[in-house]
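The report below is meant for a reader meeting this structure for the first time.

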Amino acid sequence: MKLTDILKLETRAENLNIIKSYLDQSLSDKEYYQAFFKYIEMAFELNLFEIVITQGAIFYEKFLDRDYKEKNHQVLKYLIDSAMKLDKLDIAYQYIEIRKTILPMVQSFLYTVDLIEYKQTAGEPYLDELLRLYKEAPKNNWQIYALKHLYEFYMNARDYHEALKYLTELNEKDESQNYDLEILELHYKLRNYEHVITHGENLRLKDKRNVRLGILLMEAYITLNLYDKVTILEPEYEELIDNEPVEVREKAYKLIINFYQNLFRNDISLKHYEDKYKKLKKVLSKQIQEKAAEVEEKTVVEVLVPRTEEKAPSQLLKHFHIILEALTFSHQIDENLKLRDYLRIFFMHLDHKVDAKEYILYRKSDEANLFHYKKERLYDKHILDALCKNTLIEKVMEESDSFFGSFEDLKFKNILTQMPYYDDIQYVYAFPLSDFGVFIIHLEEKITDPTIYYDLYKGIATILEAKLLDERSLGRLRSKNDYYMKILNCPIVAYRDMTDISSKYNEGAKRMLNIATYEHLEVFLKDVIYDKVHPYKDLVKRLFNHEGAYEKISYQYQDKFIEEHMYSLKFEDTIHIISIFNDMTQDYENKSSLYEKATIDFETGLSNKHALIDNIDHYLSDKATFILLELDMSVKSIYGSAKMMQFLKEFANVTKKQIDESICYRFDFNQVMVVLPYNDIRSVTKAIKDYYRYLETYQAVSIPYEKFKAYASILRYPVVTTDTNHEHIFKYLDVGLEISKRNQDTNYHFFVYTDYENEVFEQNVIDQLNQALELKQLVLSFNQITDIKHNRIWQYESQVTLEHLNIDSKYLYTIAQKRNRLIDLEKYHIEAVCRFLQRLEKETNKLIRITIQVSKTTFIETGFNEFLIGTIRKYQIPAEFIRIVTDSQMRSQSYLFKVQELINFGISLDTKITEQALSANYHALHLEVKELSDRWLMYLKNLNEILHGFQVALICRDVKTKEMKEQLEKIGIRYIEGKIYKQLNEQTLIDKIKVIS
């Protein structure tokens, strides 16, 4: 036979010998490996586990170090499973650990699967492994495997919350099976009855023949007292129930009989189902008899010895186990059940373990104090003390001792019938329950040896005694709990208790929110304003993940404004979120009224700056254009405050009407902010031009003959900036407004970000300038004015600069002028030059002429002459060494008088204006050389000749290159200044003069 034939063999025991014979031939390693693997695989499938263990171990050791790892871990799996089948757990565990080392990385989770199966077989806890598999397993059948086992584990542990969690996920991922009904049954166990009904009805629309679903719905309806729905549902399922297995029919019949008997009296339906149940009981009785006969048949051969010698010890042991099991079961009954329900469940459990006709429990209480259980029914009522006279209850409680005996021995009344005992009750046990109760057992069996059942019922009585003691404590706890629940359910508190699968609203919350008691969170969120839904869900998610966390959120719910306080706490391994709801609707309306008062400017009727700040985030979330308008109020001194206020109000109203689609705010005293809902440059430009054209033609009513003069700063968002800080937006608009005031062509300016950058830089410069002026830290630098005809320095022109800021001196003067510090700067410059000349004279015994530029602003200032002359005298500098260059048009008589006063003092004056050089007594004309075309050269040549005739020097400034110098020299220009010569600082100039001297 060939290997292909071997691999095709069917799984039969005789084929193992065929494979064995094949393996005895001379084969390659690969052929031998594949045939041997087939042998092990077939032996495992035939349940020949001993062969798998013996041959598999040999096979594994033979190929352990070979390159056949793709099947080695499968061989180990056969060995592991076979060892566990044969209860050889030590061998199984060894192979599990070996298999772990050779599993591929992507299949490493199979080690966890092995451990789970091993611990299940060994009876060890395996929850940790299940949870690890749930996290590690790939998203396929293995994760479904983990989810199924987790569900089964928590169901066995009666942890229905966790079981529901994993079953819900299993239902989503397992496409091969539907678990909707099992999920509903879990919700029923968790008392989510409304959820069961809502989703159960939906399932019933899809499958009306599902009997389990029908029974579950009837149970939920009965629990919520929806009896009419039960009467509708029961006939629909009657025929279907009759075709179900015995155990399903028994459950359904009992449920329906109990319903018609105790909750919804219907004698016809009750008799109908009682007949069905009697027939079913006969079937059940017959099955029980058949099973008993089978057992009797198997155990018919017994050793003929006295019964008591062999059975007594086993009977005692059996009763001991019954007591232990009953004790365990009693602690598994929900402690929140009423005592009546507890006793019914407990005695029903005993029915399966021992045979008794009925149980009676009496306790001293103002409530129901006599409980009578018989055949799965429990009756409770309150009896008077007088009815206990001449009964076992009176005897047992007086003597505080147990009692037992047959009906012939009983001289007491039956507490149930108030009549003597008859032969329907053959034997009675009675036990005291401390000093507050009695437990009585009625038996139909004749008892010759009372010790047979004494210990059993004594143990049961002890369990019941413990329960009644617990009831005392639980009663106090329930009273406190009822008190706290009354507090929580009082009308002044609206709260919700929410877990990840359910919600419960108290009466206050139900009225406030118009919602049902057990409505799910998703239903609640449908009435929450949309933009708050996702933030709400995020808060809930955080609280479920962090025990002890607190959050507060405000939102609109339906037509109300709600403030909700949320706190997470853990109870029985489940996170609960407790919410307190406050209806803030009235406060909100009051706040809105106050807000309106706080956001309207009463003088102009526009919204104010506070309203703008409140709304600006909305504007910045989309396209917008901000226009800051400032009305010129310079005529206020003429018309007065009252008139100007009317003027401003009229301006605000005109602005509001004339700019289409705009929203207007009063931003400052004489400023209005206009917001447009678009930022297209053409549309904005058209709107602003139309507005200014209208202002030009508009005739003011409040102050006739006066025109509205307004400056505008325009910012298109987010075109020129994406900054969302409104303070920054306002700053940008202020910068643009200042620029618009300096504009000569228009009264408006479109802000660009470089405006702000320049503003920031200029502010930095002016800050440093202010500090330098205060601390006298400005330094001088000197440009040479050269006599190129004789190749010598004619004089020096000084400039003042900031030592640690690399900016041009002209730019520094420009910023100083914009920031109103030019006069201070130029006065500082004059004084600094005088200090320098004083120092120069001390160190070199020499003085040089220094030219100082003085602006028109400084020159025409009242008191400038006094300052200049006073400073020269202060530092004792001869006046002829100071030359002043001005750019002023000195036409008025007063200005000419200032010029003549300085000349008379000995100060030389130069000018930058040609007209001035020809009309007043100036020593030199300073001209900026922009270009040296033929025409300019001709002009400079002629001008130089004219000025020379008036003994006025012509100084050409800003000469940058050697070529420019040569061109000027050719046309007879004698004095030049510019970057062609190196700039000197104070110390360099002093050192240079020292060398010359």
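## Salt bridges and their surroundings

Glu169 and Lys173 are joined by a salt bridge whose closest N and O atoms are 2.7 Å apart, the term meaning a side-chain nitrogen of Lys or Arg within 4 Å of a carboxyl oxygen of Asp or Glu. The model is a predicted one, in which local features need pLDDT of at least 70 and side-chain atom pairs count only at pLDDT 80 or more, while totals for chains, interfaces and linings use all residues. Residues are numbered from 1 along each chain as its sequence is written, and side-chain values use heavy atoms, with hydrogens and water left out.

Because Glu169 and Lys173 are 4 residues apart in helix α10, about one helical turn separates them; helices (H or I, at least four residues) and strands (E, at least two) are DSSP runs, numbered from the N terminus. Glu169 counts as buried at 16% relative accessibility, whereas Lys173, at 33%, counts as partly exposed. Here buried means under 20% relative accessible area, exposed over 50%, and partly exposed in between, with a 1.4 Å probe and protein chains only.

The structure holds 46 salt bridges, and the table lists some of them.

| Pair | Closest N to O distance |
|---|---|
| Glu169 and Lys173 | 2.7 Å |
| Lys741 and Glu630 | 2.7 Å |

Lys741 is partly exposed at 33% relative accessibility, while Glu630 is buried, with a relative accessible area of 14%. Salt bridges with shared partners also join Lys77, Asp81, Asp114 and Glu117 into one network.

## Helix spans and ends

In helix α32 (residues 822-844), 23 residues at 1.5 Å a residue should span 33 Å, and the end C-alpha atoms are 32 Å apart, which agrees; the expected span is 1.5 Å times one less than the number of residues. Just after α32, Asn845 takes a positive phi of about 60°. Helix α34 (residues 864-874) has buried residues that include Phe864, Phe867, Leu868 and Ile872, and Gln876, which follows α34, has a positive phi near 55°.
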